[in-house]
Amino acid sequence: MAKVLIYNNDENKMETFERKETDAMPYITGRSMTVGEFRGSSKSNVLWSDKTTMETWNAFRRYYGDPIFIGYAFKRIWEGGHGKQSQHYAGVSFDTGQNLSTSGRNRLHSAAVSFGRWTYVEPKSLTPTWVHFDKRYGTPACSSGGYPVRRKGDKGIYVLVLQDALNALGFSTRTLDGIFGDWTLNAVRQFQTDSGLTSDGIVGCGTWRSLTDKAVKIGRTSTVID
């Protein structure tokens with residue numbers, strides 16, 4: 001049984017679901033993506049995504065018309081396996097089609113591009129044996145890309161990544177709820193102070209870079225919160 005946290009973009013609130021591995025992910029129709037498929041190789045008992053991503057998947061499946069194999073979707077940042085500010089850690093990214101022939105992957109990639117509702121479809125030259133698309137949102141804090149600026153009062157998947165990284169590094173947010181409240185603010189400020197950054201409580205480019213550099217692939221620590 002997994003706890004699935006979903007940010008409801010329409011209502012700006014976090015929602016919690018309990019799901020078996022064989023159950024459909026919240027907001028998924030027709031069981032076209034189960035919890036187990038979304039989890040992939042993650043060992044976490046807690047998974048997260050947002051409503052918009054799930055609904056975009058539903059629409060894309062109808063558009064494509066065939067089942068889509070998901071090789072990799074979700075990972076927590078301390079599990080690693082992807083880049084330092086990967087959208088997989090935010091739960092809005094999919095690496096798909098690993099079971100297809102080259103022509104099959106070309107068809108899937110073309111469909112993802114022409115569909116027009118994924119925020120980003122990775123060029124085929126960068127994904128020779130899979131097709132990557134995601135539903136990231138917000139303006140990246142760094143010019144090179146990555147996560148958007150987060151500050152007190154924000155909610156959602158990028159706050160979950162922030163809280164997860166802070167907790168793994170020993171800067172407790174007291175909870176993993178996707179809500180940037182006082183405890184998360186205090187943890188951010190302490191991390192900034194300890195990292196030689198301006199302690200303003202705003203998670204911009206410098207803070208994201210420092211935080212993700214230190215948190216990616218360090219493994220589950222005693223301070224991780226589920």
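Buried, as the word is used for residues in these legends, means under 20% relative accessible area. The views come from a predicted model, in which 12 salt bridges are counted.

**View 1. A salt bridge joins D154 and R150.** The side chains of D154 and R150 come together with 3.7 Å between N and O, a separation that qualifies because the cut-off for a salt bridge is 4 Å. R150 has a relative accessibility of 13%, and therefore counts as buried, since this value lies under the 20% limit.

**View 2. R39 pairs with E21 across distant parts of the chain.** In this salt bridge the closest N and O atoms are 2.9 Å apart. R39 belongs to helix α1, which covers residues 35–39, while E21 sits in the loop between β2 (13–19) and α1, so that the pair spans 18 residues. R39, at 10% relative accessibility, is buried, whereas E21, at 31%, is partly exposed.

**View 3. D134 and R136 form a salt bridge.** Here the closest N and O atoms lie 2.7 Å apart. The relative accessibility of D134 is 0%, which places D134 among the buried residues, while R136 reaches 26% and is therefore classed as partly exposed.

**View 4. Four charged residues are linked in a network.** Salt bridges connect R76, D164, R220 and D226 into a network.

Key: Residues are numbered from 1 along each chain as its sequence is written. This is a predicted model: local features need pLDDT of at least 70, side-chain atom pairs count only at pLDDT 80 or more; totals for chains, interfaces and linings use all residues. Side-chain values use heavy atoms; hydrogens and water are left out. Helices (H or I, at least four residues) and strands (E, at least two) are DSSP runs, numbered from the N terminus. Buried means under 20% relative accessible area, exposed over 50%, partly exposed in between (1.4 Å probe, protein chains only).
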